[in-house]
Amino acid sequence: YDAHVPWSAVDLLRWLIFLHFAVGLFNLLPMKPLDGGYLISGAVERVSSRQRAAAVSNAISFVVLLLLLVNFMPVFI
């Protein structure tokens, strides 16, 4: 099979696509410094007050941070 593009370039593009997809999914995590946290805050703010939205967003961010830390716990033990 004769390809017009070297297979190393195809493999590089495959890894770049995977990396961009993974970064995009990580960015959607519902934590306040990431975009997902601001999406949650904006959605709650539409139906409630700004203070309530900040409290809900902070609580969800804390829970997600705990889940991430628990997920990496076996690495450190």
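Helices (H or I, at least four residues) and strands (E, at least two) are taken here as DSSP runs, numbered from the N terminus. Under that definition, phenylalanine 76 lies in helix H4, which covers residues 73-76. The model is a predicted one, in which local features need pLDDT of at least 70 and side-chain atom pairs count only at pLDDT 80 or more, whereas totals for chains, interfaces and linings use all residues. Residues are numbered from 1 along each chain as its sequence is written, and side-chain values use heavy atoms, with hydrogens and water left out.

Phenylalanine 76 is exposed, its relative accessible area being 68%, where buried means under 20% relative accessible area, exposed over 50% and partly exposed in between (1.4 Å probe, protein chains only). Between phenylalanine 76 and leucine 12 there are 64 residues of separation in sequence and 31 Å in space, C-alpha to C-alpha.

The packing of helices is considered next. Two packed helices are described by the angle between their axes and by the distance between the axes. Helix H2 (residues 35-47) packs with helix H3 (residues 50-71) at an angle of about 145°, and their axes are 8 Å apart; axes are lines fitted to C-alpha atoms, for helices over the stretch in contact, and angles run from 0 to 180 degrees between N-to-C directions. The crossing of H2 with H3 is right-handed, a crossing being left-handed if the near helix is turned anticlockwise from the far one by less than a right angle, and right-handed if clockwise. On the H2 side, Gly37, Ile40, Ser41, Val44 and Glu45 take part, and these meet Arg50, Arg52, Ala53, Val56, Ser57 and Ile60 in H3, contact meaning heavy atoms within 4.5 Å. The residues of this contact of H2 with H3 comprise five nonpolar, three polar and three charged, with Ala, Val, Leu, Ile, Met, Phe, Trp, Tyr, Cys and Pro counted as nonpolar, Asp, Glu, Lys and Arg as charged, and the others, Gly among them, as polar.

Two serines of this contact can be described individually. Serine 41, in helix H2, is buried, with a relative accessible area of 9%. When residues up to four places away in sequence are not counted, serine 41 touches Lys32, Ala53 and Ser57. The side chain of serine 41 also makes a polar contact, at 3.4 Å, with the side chain of lysine 32; a polar contact is a pair of N or O atoms within 3.5 Å, of which, within protein, one must be able to donate a hydrogen and the other to accept it, and residues adjacent in sequence count only if both atoms are side-chain atoms. Serine 57, in helix H3, counts as buried at 2% relative accessibility, and, not counting residues up to four places away in sequence, serine 57 touches Lys32, Gly37 and Ser41.

A search of the whole structure for aromatic pairs finds one. The ring centres of tryptophan 15 and phenylalanine 18 are 5.9 Å apart and the ring planes stand at 85°, so the pair is edge-to-face; rings of Phe, Tyr and Trp (its six-membered ring) pair if their centres lie within 6.5 Å, and planes under 30 degrees apart count as stacked, over 60 as edge-to-face and the rest as tilted. Tryptophan 15 and phenylalanine 18 are three residues apart in helix H1 (residues 7-27) and are therefore separated by about one helical turn. Tryptophan 15 counts as exposed at 60% relative accessibility, and phenylalanine 18 counts as exposed at 51%.
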